[in-house]
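Hi there,

Here is the structure I promised to pass on. Have a look at it first, and then read my notes below.

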Amino acid sequence: MKFNWKKCLVGILCIIGFVLFLIKINQFEKVTLVSTTGQSYEKAVVTEITKDNLAEDGNRYGTQEVRVYIKTGIFAGEEYDAVNPSGSLFGTDCYVGSKVIVIVSATDDNSIVTVYSQERTGAIYLFAAFFALVVCLIGGKKGVKAIASLVFTFVCIYYLMFPLIYKGASPIGITIVIAFLSTLVTLGLLGGMTAKTASAIIGTTAGVVIAAVAALLFGKAAGITGYNVSDIETLNYVAQNSQIRIGQLLFSGIIIASLGATMDVGMSIASTIQEIHDRNPELGTKELFLSGIRVGRDMMGTMTNTLIFAYVGGSLSTLVINYAYDLSYRQLMNSYIIGTEIMQGLSGSLGVVLTVPVTAVIASVLVARSSKKEANSGLV
């Protein structure tokens, strides 16, 4: 294939422009919500256990006292005595040689060191690299493109969506934009700019919009808003010191959660219709649409479960607690927690299901038209 310098140049200019835009919108100061003056989180290694808290029954009680060698920050190269709390969320079981993260609270007179957690960054990076390697080895060039699209999505969420939401942009609106950009880049890289890809992009975008609208309507009917979440007190405090519209965050999360499954369905239906057309170019728009619907019906059985399982898995601890307390049916079904979970699962799944006919209609029309254009151009 002949290398297209024009497309390459346009792509490079787009990337440069996008990066400059991200740098521009991230140039702002956040309001300080928690004072961290004199406090830092540093890497350290446990060199000695000065006082252990291991009991005869094998459990740990109270605090463990250790000596650590700090590897980063202004105290790098120095050893300090540290306290290791025995908690479920903070501290860790320390042994000589354990790599930990410590909180160094420095004052003019002395420094207090506390073990925060086990150092996990190495394991996280290693697992992420292993994941990327497996995807690239199995997927080849498309695997590399899949990793690139995943990185792009992460960059959009962290450096585009979060800053704009912090500055007061509508979380629902900006999330739909991010979903569209992510779908455009992901499917564009994997499928190229074809009628199939265009159909999948439009169908996916329509699906996430449907999920958002369904959630808003359900929330209106059931009296559920973004202010009925468990961490509302923290969100209210954040909203008082920023321009974040916390009431829309719940519905914005539904869009993000449904994006992956919706994208999968959209591309699968569009690819199926394209493949059927390539095998039998004589089929018309109606036949292609019906074929896409038939395939989509088979997918619905599994895809409708996808988001339900995802939300149940994310809320499993809460659901088990409710089960253990043996709450009454009316109390359980009319609680905000259960209502919110039902809204998220059903609205997201509704978006996935309705992506099938939307994509089937668009793909059947675009694929048939592109075929006619190719045939006409060949006759000229």
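Before we start, one term: a residue counts as buried when its relative accessible area is under 20%. Also keep in mind that this is a predicted model.

With that cut-off, helix α2 has a list of buried residues, including A132, G143, I147, F152, L160 and Y166.

Now for the shape of α2, which runs over residues 121-166. If a helix of 46 residues were straight, you'd expect a span of 68 Å, but the end C-alpha atoms of α2 are only 27 Å apart. Look at G140 too: α2 bends there by about 140 degrees.

Next, find helix α3 (residues 171-191) and compare its direction with that of α2. Their axes come within 9 Å of each other and cross at roughly 165 degrees. An angle over 145 degrees counts as roughly antiparallel, so that is what α2 is to α3. The crossing is right-handed, and the residues in this contact are 16 nonpolar, five polar and two charged.

Last stop: N236, in helix α5 (residues 232-240). Its relative accessible area is 27%, so N236 is partly exposed. N236 lies 175 residues from Y61 in sequence, and their C-alpha atoms are 36 Å apart.

Cheers!

Note on methods: Residues numbered from 1 in each chain as written. Predicted model: local features only at pLDDT ≥ 70, side-chain atom pairs only at ≥ 80, totals over all residues. Heavy atoms only, no water. Axes fitted to C-alpha atoms, helices over the stretch in contact; angles between N-to-C directions. Helix = DSSP H or I, 4+ residues; strand = E, 2+ residues; numbered from the N terminus. Parallel < 35°, antiparallel > 145°, perpendicular 65-115°, else oblique. Left-handed = near helix turned anticlockwise from the far one by under 90°. Nonpolar A, V, L, I, M, F, W, Y, C, P; charged D, E, K, R; others polar. Expected span 1.5 Å × (residues − 1). Bend = angle between axes of the 7 residues up to and from the residue. Buried < 20%, exposed > 50% of the residue type's maximum accessible area, 1.4 Å probe, protein only.
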